[in-house]
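Have a go at each task, then walk through the solution.

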Amino acid sequence: MMRTLFLQGPSYDGWDGGAGARYQSKREIRSFWYPTWLAQPAALVEGSKLIDAPPHRLGIDDVLPEVKNRDLVVLHTSTPSFSSDIRTAEAVRAANPSAMIGLVGAKAMVDPNGCLAASPVVDFVAREEFDFTVKEIAEGRDLASVNGISWRNRDGVISHNPDRAILEDMDSLPFVSPVYKRDLVIENYFSGYLRHPYLSFYTGRGCKSRCTFCLWPQTIGGHRYRVRSVGHVMDELRWAKQAFPQVQEFFFDDDTLTDNAPRVEELAREIGKLGIMWSCNAKGNVSRETLKVMRDNGLRLLVVGYESGNQQILHNIKKGMRIETVKKFTKDCQDLGVQIHGTFILGLPGETRETIEETIRFATEINPHTIQVSLAAPYPGTFLYNQAIEQGWLLDENMQLVSQHGVQAAAMNYPHLSHTEIFGSVEDFYRRFYLRAPKIASIVSEMVRSPQMMKRRLREGVEFFRFLRERKEAQAC
């Protein structure tokens, strides 16, 4: 077995672009997702090591000593971080000329030629799901025999091997939490809406929804939801509960855990026996009956992609959701005491000044506990990207999705709505949602009840206003 290093490379300070983040950017408040997509193959490769540089505040000089002891370095990359990741790959090659270097992630899936052409130090890119692809390479197999890769031979010629079949037996994947225990400091991972410290992993892959902007289902995960057995998930939860007694909350990072209602109810009832607090991603159409089963068995919070308060925009992005349905769902959650972190996107196809106003009013009306407001990000490989190219909506076809500070940039520009207006509306959205008397009272009440929460909210407040300042600096550039 090759001595293998799995690496999320150094990047911007506060950069949340790990192999698990859906939007790679610097967040409003300090936030880091677990590098689950790297931890999974790391669990398959005996003797491997995982380094997640940004949450651990590691620079390239901190990483290179480990590189020198490795035969294979697998680097996760993304569209926003690609140029930085190539510089990291070149530093790896300089430090260890004999190491094989590979790239994985949605960027590698969508643009294998571009990844290989960017630098001669990149030996291969793994397309599709890359767990067993990387395992076979680490076992020393000839690259010509490994499905699911594009690679460069000794003469510099690029070859594209046949696709790898989609993984069906999800229970064949080992647990990722032992890799977290071995290689990560979990206290370095934060989320503004989850208890700290938290732990997250997947119970399945894929999402049946067809949202035009969503990266993972259109690149690596696919649109068929493939799941681990409930018993397999529970075995990992039991192991993790014992291994991480400090964890306050478990998060299931499946794109939409609630897509399979009978399974999520079965899973919830088993989790209830374990007595832990948990949260997950959900679509805004879960029945009250299923929500009650989840709530009664430890569910605290749902992350819900509302995206917009305008029905036509939801149709435009193929959300498959009606405003009336999500309003009822939200009220059911609030009646049952289930908190919601609502996510919204500004600048989607059909956006106007009027629809932005409609969405802000909608958010304040349904009043989720917390919100995240993002800019429409046309990632290569998505329907939205192809649509933006065809319609001429991109400000610049070569435009970066983040600024030099790592803050999300407004890439979409319409004849009736400029990218600067879209960019500026994010701050307006946040201020109008959070700086309302009822919301301020709710936050203050939460802080008064818990000294720990008071300390946390004060820190997050400082980070939030610093983020707004950095957004202004990014806009000025």
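**Exercise 1.** Work out where N161 sits and whether N161 is buried or exposed.

*Solution.* 
Step 1: N161 has 9% relative accessibility, so it counts as buried (under 20% relative accessible area is buried, over 50% exposed, in between partly exposed, with a 1.4 Å probe and protein chains only).
Step 2: Skip the neighbours within four places in sequence, and N161 has contacts (heavy atoms within 4.5 Å) that include R127, L143, N147 and W151.

A quick note: this is a predicted model, where local features need pLDDT of at least 70, side-chain atom pairs count only at pLDDT 80 or more, and totals for chains, interfaces and linings use all residues. Residues are numbered from 1 along each chain as its sequence is written, and side-chain values use heavy atoms, leaving out hydrogens and water.

**Exercise 2.** Find which residues of α14 are buried and what they pack against.

*Solution.* 
Step 1: Pick out the buried ones: T355, I356, T359, I360, F362, A363 and I366.
Step 2: Look down the axis of α14: these residues fall within an arc of 160° (taken from the directions from the helix axis to the C-beta atoms), so they line one face of the helix.
Step 3: Turn to the other side, where E354 and E365 are exposed.
Step 4: The partners of the buried residues are β15 (299-307), α12 (311-316), α13 (323-336), β16 (339-346) and α16 (419-434).

Key: Helices (H or I, at least four residues) and strands (E, at least two) are DSSP runs, numbered from the N terminus.
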